[in-house]
Amino acid sequence: MNGQDILLDVTGLRLSFRTPRGTVQAVSNASFQVLRGEVTGIVGESGSGKSVTACALLGLLARNGTVEAGTALFDGRDLLALGEKDLRKLRGSEISMIFQDPMTALDPVFTIGSFLTEVLRSHDPAVSRREAWSRSVQMLAGMGIRDPEDVMHCYPDSLSGGMCQRVMIAAALLCGPKLLIADEPTTALDVTIQEEILSLLQQLKEENGMSILFITHDFGVVARLCDRVAVMYGGFVMEYGSVEQIFYDAAHPYTQALLRAIPRPEDDGAEPMAALQGDPIDLIHLPEGCVFAPRCSLCCEDCLHIRPAAADLGSGHVAVCHRIREGGAAHV
Amino acid sequence: MSELLSVEHLVKTFPTKRRGNPPVAAVNDVSFTVEEGETLGLVGESGCGKTTLGRSVLRLTEPDSGRILYRGDDLMKMRDMRQIRQKLQIVFQNPSGSLDPRMHVRDTISEGPRIHRMNISKQEVRELVDRLMHEVGLGSEYAGCYPSELSGGQQQRVSIARALAVDPEFIVCDEVVSALDLSYQSQIINLLERLQAERKLSYLFISHDLAVVRHISRRIAVMYSGRFVEVADAGELISHAVHPYTRMLLRSVPVPDPRICRRTAGDSEGSTSAGQPSQTGCPFAGRCRRAEAACRSEVPSLRELAPGHFAACFLV
Amino acid sequence: MKHNRRSFFRNPIAITALLILVAIILFCFIYPLISSFEYWQITGDRLQPPSPEHPLGTDKLGRDFMTRIAFGGRITLSVAFFSGLIAAVVGTAIGILCGYVGGSTDSVVMRLIDALSSVPSLLLAIVLDYMLGMGRGYFLYGIAIAGIPPFARLVRSATLQISGSAYIESSRALGARPLCVIREHVVRNVLPLAAIQVTTSMADALTICTILGYIGVGINPPTPEWGALFDSGKELLRTSSHLAIIPAAAIILCIICLYLLGNGIRDSLSSSGGDV
């Protein structure tokens, strides 16, 4: 992999939140990359740390959150070391973010038109209203919206969830960012609408060379859209590799278990579904060994007491597990 | 297997907020049957009326018209549903919202028996709760906990135990796994299947997730805009769906397999950036690529195309 | 409720307020029993400054002031407590009824509540006192009645919110009758909110009671009451200022403590509800 191709390189990210009940170690060790023109997916269940990882990159953590360690090199600059002023310049213009619930992300008292023109003009005050309007209309059309002029005059409450998400994507892309961070953008949408949004994102990737960091819990979406995948659990990236490596050659027991647990339409129900045993971990009191050990069918003595290091499986495929020998996968 | 529940021509409308607009029919002339020990899956996207249908069958939401025959008795004609409610239960989607945040797990599970005075003595109630918790796979150490101390999967188990406590025969599962993480979804699905086998339960399994519905159901009904558009055996529906909406739904579900999934955007049965469903004619006509004049003027009814396979479409 | 109690007891301000209130209450009820004087007992020495015999001195008629303060506190605090309690019970019942049943019952009753809240509580207390016999404490009911609307509104909106919950629907699905649902679920979820309002109501009742005492309505002399004591003490501010300052300080202290207590209850509730 060429160093030039790497747009975002996150290494050793570690962050926590102070709460009345104690310090929540939301992310203990996250490392992954987003290459130019590619989609990297971060997949995990709730509590895995995937969403806060994305927020941390743009300095959008809640007030009680601290980035404790790690670097996030974006075009040579470490995002985690930047101050608020520099980050604000980056947001929207070089890195944009879209979120899960588009209906609540839009201010209901402003029309779509005023929202989009304001986005443009706040980044570049030199742009005239007329020009901002026409660029916005163009962008909406590029999102596959049939009557962009009409939509510009609408208020958010007259638009469907799918339309709102298209508007949000349009707003995110208005200033031509290099990287789009999408935090579960289709989770709240119907599956048919989701397919449209994913098609749109794929189109953006293929035609515009857009790079996307896509956060999700849905492996189907990952298979549909992503080129590289990081699987997170309990604040750790458990496995990272290309989408083929993850789906066809999964090395980590957690990834393997998750893939087995996915319900598939061809599955006729004769066998019970492959389920993961156990209960979620407590992020305030992390175990001293591997965080997945209590639920892992391959758990050994080392797993319980020693945090596993990343094992390099070649071709950019990395898994964090004791039971993997170099070049091989963990076998159940 | 004998017929347990038979719903005939059920209708439920809600008034629209804007005056002048006709009321919206959330459930529009729906009929189906569920047999003993069977799971009927109900699939549809948001707003199709599946949740309203589930509630209407239990008369939690009062239907406007139709018949609901439970073992021959018409529930619509009953004045006091209390007794029969023991036989027909429901488990909801949102695990935390469906449990009283200020009640212990033990009190929540025993609520049903206490209402119906099924077990009078405290000791018997305790024993029942312990048995039920064991049955749903919850350790008895959780009996004194509050819902906020449990995970989503555990909360859902409590909801299931609460429903089981009154010894039902039919349970409406309203998106019971949709709010759960993947690792808990399979646990709960397996639990439901085991309970069905052990207790001879029938389920109306409502979900938007086709794969999950396929796994647990014997037959599946696809709902769109208040009507059933296709009903078939689960395997038959997945492999040989005929209705344009069902086919669009199936194509939209992202398969967790990159090689199969990676296709270029395009050919689908219908467009999805649609307006309101049409008031006259087939509800899907507005979005259907193959819609013809007849589709817009007349409502197609469910026709049997093959044994056990029904579809509501003029074009198949 | 485990969370509630634990986080409440970690709140030093609320605990202090509670302890102060308890101390004042204990003083008011116990001191007159152990004092060597009665509150109406006129000794020879008038307007004496604080001394070992009279810890707070004597008033203008020569009565032991400490005993009068304590006894007055009994009256004032009892009125505040009972009127707050009556308002709470009646207001909560009305709120639950309106919130759960809804429909025309809700509309009619809430309109009556609105009408009631438009009457100034002070006026209502005076009128009731006058109608039912002056000086015999019936103004307590006036204060109580005037305190009902905030409870009714608060509890009604909480009930409305709860009524839409899935666990209420589950209860109905299990076959519970409305009264059963209310008893099992609505009350226990609404009670914490009502608890916060109780302290506010008691503080308001305390204020009104002392105002009434100050203007001479309510309890008849020689029965002391903090407001009345302040009224008679204010004339002597220059010479025997303690006769005015002490009742005033007692009133203010109690009101502040009630509000701090209410804040503490509210904080402990919100900390148990929300999570990380």
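**Close-up views of a predicted three-chain model**

View 1. Seven residues of domain 1 of chain B are in contact (C-beta atoms, placed from the backbone, within 7 Å) with eight residues of domain 2 of chain B. The model is predicted: local features need pLDDT of at least 70 and side-chain atom pairs pLDDT 80 or more, while totals for chains, interfaces and linings use all residues. Residues are numbered from 1 along each chain as its sequence is written, and chains are lettered from A and ligands numbered from 1 in the order written. Domain 1 spans 3–87 + 168–183 + 194–311 and domain 2 spans 99–167, with bounds from an automatic or database assignment. Their centres, taken over C-alpha atoms, are 30 Å apart.

**View 2. The side of chain A that touches chain B.** Here 39 residues of chain A are in contact with 33 residues of chain B. Helices (DSSP runs of H or I, at least four residues, numbered from the N terminus) α8 (191–208), α9 (219–225), α10 (243–248) and α11 (253–261) of chain A each supply at least two residues of this side. The largest share, nine residues, comes from α8(A). By class, the side has 18 nonpolar, 10 polar and 11 charged residues.

**View 3. Surroundings of L204(B).** Beyond its neighbours within four places in sequence, L204(B) is in contact with V34(B), L40(B), L42(B), G54(B), V57(B), V172(B) and C173(B).

Definitions and conventions. Contact = placed C-beta atoms within 7 Å. Nonpolar A, V, L, I, M, F, W, Y, C, P; charged D, E, K, R; others polar.
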